[in-house]
Amino acid sequence: MLADLLSGRNILVVEDEMLIMMMIESMLADLGCEQVTAAATVSQAIDLIGRMDFDAAMLDMNLDGQASYEVADRLAQRGVPFMFSTGSSEQDIRPEYRDRPVLRKPFSEHELTAIFSSLFPR
C-alpha cells in the first residue's frame with residue numbers, strides 16, 4: 001500500500017526552495033513518512049548527517065549555486081540510499097553517482113513515489 005511506503009521512516013530532504021520543500025513534505029506525508037528533516041544548504045545537510053540517522057535522502061543537485069555532491073558523499077559513506085532532484089535538463093552527474101535515481105523538476109507525486117519505491121523495494 002502506497003500510504004505506508006515510508007511508514008516509520010526519517011527522510012532527509014536537501015532543497016533550497018521553500019515552496020518546493022513544502023510540496024515535498026506534503027507528498028512524503030501522504031506516503032506515510034514519519035519524519036522529514038529539511039536542510040537548505042550543504043553545510044546544514046552535513047551537520048544533520050553527522051547528528052542524525054536517516055533512512056533515505058532526496059538531494060537537490062544545485063543549492064543556490066553549490067553542488068550537493070559533498071552531501072551525497074557523506075550519505076554514500078553511511079550507506080544511506082538517496083536520489084537527486086534537479087530542475088536542469090542538462091545536469092551532468094558525477095560518474096560515481098550515475099546509478100542513482102534522478103527526479104526531474106517539476107515532478108508528480110506518482111514520480112516521487114516510484115523513486116522511493118525503488119529505494120525501498122518490498
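This briefing describes the strands, nonpolar cores and aromatic pairs of one structure. The structure is a predicted model. Strand 1 (residues 10–14) is mostly covered, with five of its five residues buried, and it pairs in the parallel sense with strand 2 (residues 35–39) and with strand 3 (residues 56–60). The largest nonpolar core has 22 residues, and a search of the whole structure finds five aromatic pairs.

**Strand 1 and its partners**

- From strand 1, Asn10, Leu12 and Val14 point one way, while Ile11 and Val13 point the other way. Side chains in a regular strand alternate between the two faces of the sheet.
- The pairing of strand 1 with strand 2 runs over five bridges. Within it, leucine 12 has threonine 37 of strand 2 as its bridge partner.
- The pairing of strand 1 with strand 3 runs over four bridges. Here valine 14 stands opposite leucine 59 of strand 3.
- A right-handed β-α-β unit is made by strand 1, helix 1 (residues 18–30) and strand 2.

**Alanine 38 in strand 2**

- Alanine 38 belongs to strand 2. With a relative accessible area of 40%, alanine 38 is partly exposed.
- If residues up to four places away in sequence are not counted, alanine 38 touches Val13, Met21 and Leu48.
- Alanine 57 is 19 residues from alanine 38 in sequence, and the two are 9.9 Å apart in space, C-alpha to C-alpha.

**The nonpolar cores**

- In the largest nonpolar core, the residues with the most contacts inside it are Leu12, Val14, Leu59, Val71, Leu75, Phe82 and Phe84.
- At least two residues of this core come from each of strand 1, helix 2 (42–51), strand 3, helix 3 (69–78) and strand 6. Helix 2 gives the most, with five residues.
- Valine 71 is in contact with Val14, Val42, Ala45, Ile46, Ile49 and Leu59, leaving aside its neighbours within four places in sequence.
- A second, separate core has 20 residues, including Ala56, Met58, Leu112 and Phe116.

**Aromatic pairs**

- Of the aromatic pairs in the structure, five are found in all. One of them joins phenylalanine 82 and phenylalanine 84 edge-to-face, at 5.5 Å centre to centre and with 85° between the planes.
- Phenylalanine 82 is buried, with a relative accessible area of 0%, and phenylalanine 84 is buried with a relative accessible area of 0% as well.
- Phenylalanine 82 also pairs with tyrosine 97: their ring centres are 5.6 Å apart and their planes lie at 65°, so this pair is edge-to-face.
- Because phenylalanine 82 lies in strand 6 (residues 82–86) and tyrosine 97 in the loop between strand 6 and strand 7 (102–104), the pair ties together parts that are 15 residues apart in sequence.
- Tyrosine 97 is buried, with a relative accessible area of 5%.
- Tyr69, Phe82, Phe84 and Tyr97 are linked into a cluster by ring pairs.

**A charge over a ring**

- Arginine 9 places its charged end over the ring of phenylalanine 120, at 3.8 Å from the ring centre.

Note on methods
Residues are numbered from 1 along each chain as its sequence is written. This is a predicted model: local features need pLDDT of at least 70, side-chain atom pairs count only at pLDDT 80 or more; totals for chains, interfaces and linings use all residues. Side-chain values use heavy atoms; hydrogens and water are left out. Rings of Phe, Tyr and Trp (its six-membered ring) pair if their centres lie within 6.5 Å; planes under 30 degrees apart count as stacked, over 60 as edge-to-face and the rest as tilted. Buried means under 20% relative accessible area, exposed over 50%, partly exposed in between (1.4 Å probe, protein chains only). A charge sits over a ring if NZ of Lys or CZ of Arg is within 6 Å of the ring centre and within 35 degrees of the ring normal. Two strands pair if DSSP finds at least two bridges between them. A crossover is right-handed if, with the strands pointing away from the viewer, the path from the first strand over the helix to the second runs clockwise. A nonpolar core is a set of buried Ala, Val, Leu, Ile, Met, Phe, Trp, Tyr and Cys residues joined through side-chain atoms within 4.5 Å. Contact means heavy atoms within 4.5 Å.
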